[in-house]
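Have a look at the sequence and structure first, and then read on.

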Amino acid sequence: MSMAETARALGLTLVPVEARGLDALEQAFAIMVRERAQAFVMQGDSVLFNHRGQIAEMALRNRLPAAAVQRELAEAGFLLTYGADIRDLYRRSAVFVDKIFKGAKPADLPVEQPTKFELVINLKTAKALGLEIPPSLLTRADEVIE
């Protein structure tokens with residue numbers, strides 16, 4: 001299910017905002033504030049990943065809880081992240097490399113989907129935003145940043 005379909009099913013309004021680099025972030029946040037966004041989800045982007053600290057600061061300054069899929073963004077100050085455990089994916093890729101070195105043809109190897117996901121919650125950010133994270137969610141988290 002797409003993010004738009006999920007938002008619609010939950011009765012939420014999705015406001016797509018695009019920023020292709022650091023210079024476009026101020027405008028993106030201005031649009032979110034103007035549209036009265038209550039939170040935002042950052043899609044994976046290698047350019048914006050490098051500016052995760054600035055994005056987290058802008059989100060906090062604009063009182064917007066931020067979510068993403070890469071744990072490093074929660075470490076940088078996003079409220080929470082939920083996504084595939086990248087370290088586990090790297091470990092799994094080593095199995096494939098080993099098989100290829102032992103003569104397996106890459107085309108014959110099965111395609112795998114991630115099986116391990118992790119939830120990281122940044123309590124410092126929650127407190128700064130005046131949000132209380134339910135204890136039931138905290139107990140499910142793989143890591144809680146305090």
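Over the ring of which residue does the charged end of R52 sit? The answer is F49, with the charged end of R52 4.2 Å from the centre of its ring. A charge counts as sitting over a ring if NZ of Lys or CZ of Arg is within 6 Å of the ring centre and within 35 degrees of the ring normal. K99 is placed over the face of F96 in this way, 5.9 Å from the ring centre.

Before going further, please note that this model is predicted, that local features need pLDDT of at least 70 and side-chain atom pairs pLDDT 80 or more, while totals for chains, interfaces and linings use all residues. Residues are numbered from 1 along each chain as its sequence is written, and side-chain values use heavy atoms, with hydrogens and water left out.

## Rings that meet

Two rings of Phe, Tyr or Trp (its six-membered ring) pair if their centres lie within 6.5 Å; planes under 30 degrees apart count as stacked, over 60 as edge-to-face and the rest as tilted. This rule gives 3 aromatic pairs. In one of them, the ring centres of F29 and F40 are 5.4 Å apart and the planes stand at 85°, so this pair is edge-to-face. The pair joins distant parts of the chain: F29 belongs to helix α2 (residues 25–34) and F40 to strand β1 (residues 40–41), 11 residues apart. Here helices (H or I, at least four residues) and strands (E, at least two) are DSSP runs, numbered from the N terminus.

Are these two residues buried or exposed? Buried means under 20% relative accessible area, exposed over 50%, and partly exposed in between, with a 1.4 Å probe and protein chains only. F29 is buried at 2%, and F40 is buried too, at 11%. Ring pairs also bring in F78, so that F29, F40 and F78 form a cluster.

Another pair is made by Y82 and F117, whose ring centres are 6.0 Å apart with planes at 20°, so the pair is stacked. Y82 lies in strand β3 (residues 80–84) and F117 in strand β4 (residues 117–122), so to speak distant parts of the chain, 35 residues apart. Y82 is partly exposed at 47% relative accessibility, and F117 is partly exposed at 37%.

## The sheet

How many strands form the open sheet? There are 5, in the order β1-β2-β3-β4-β5, with mixed pairing. The edges are taken by β1 and β5 (143–145), each with a single partner strand, so one side of each has no neighbour in the sheet. Strands of a sheet pair through backbone hydrogen bonds, either parallel or antiparallel. Two strands count as paired if DSSP finds at least two bridges between them. β2 and β3 pair in the parallel sense over 2 bridges, and A67 stands opposite L80 in β3.

## Pockets and a cavity

These spaces are found on a 1 Å grid over the protein atoms alone: a cavity is a set of points where a 1.4 Å probe fits but cannot get out, and a pocket is an open set with protein on both sides within 12 Å along at least five of seven lines. Lining residues have an atom within 4 Å of a point. Grid points are joined across faces, edges and corners, and a volume is the space filled by probe spheres set on the points.

| Space | Volume | Largest share of the lining |
|---|---|---|
| Largest pocket | about 1,200 Å³ | α2, 4 residues |
| Second largest pocket | about 160 Å³ | β3, 3 residues |
| Largest cavity | about 40 Å³ | α4, 3 residues |

Of the 40 residues lining the largest pocket, M3, L14, A39, F40 and V41 are the closest to its centre. The lining holds 29 nonpolar, 5 polar and 6 charged residues. Ala, Val, Leu, Ile, Met, Phe, Trp, Tyr, Cys and Pro count as nonpolar, Asp, Glu, Lys and Arg as charged, and the others, Gly among them, as polar.

The lining of the second largest pocket includes A67, L80 and Y82, and by class it has 8 nonpolar, 2 polar and no charged residues.

The structure holds 1 cavity of 30 Å³ or more. Among the residues that line the largest cavity are A56, L60, F78 and L129, and the lining divides into 8 nonpolar, 2 polar and no charged residues.
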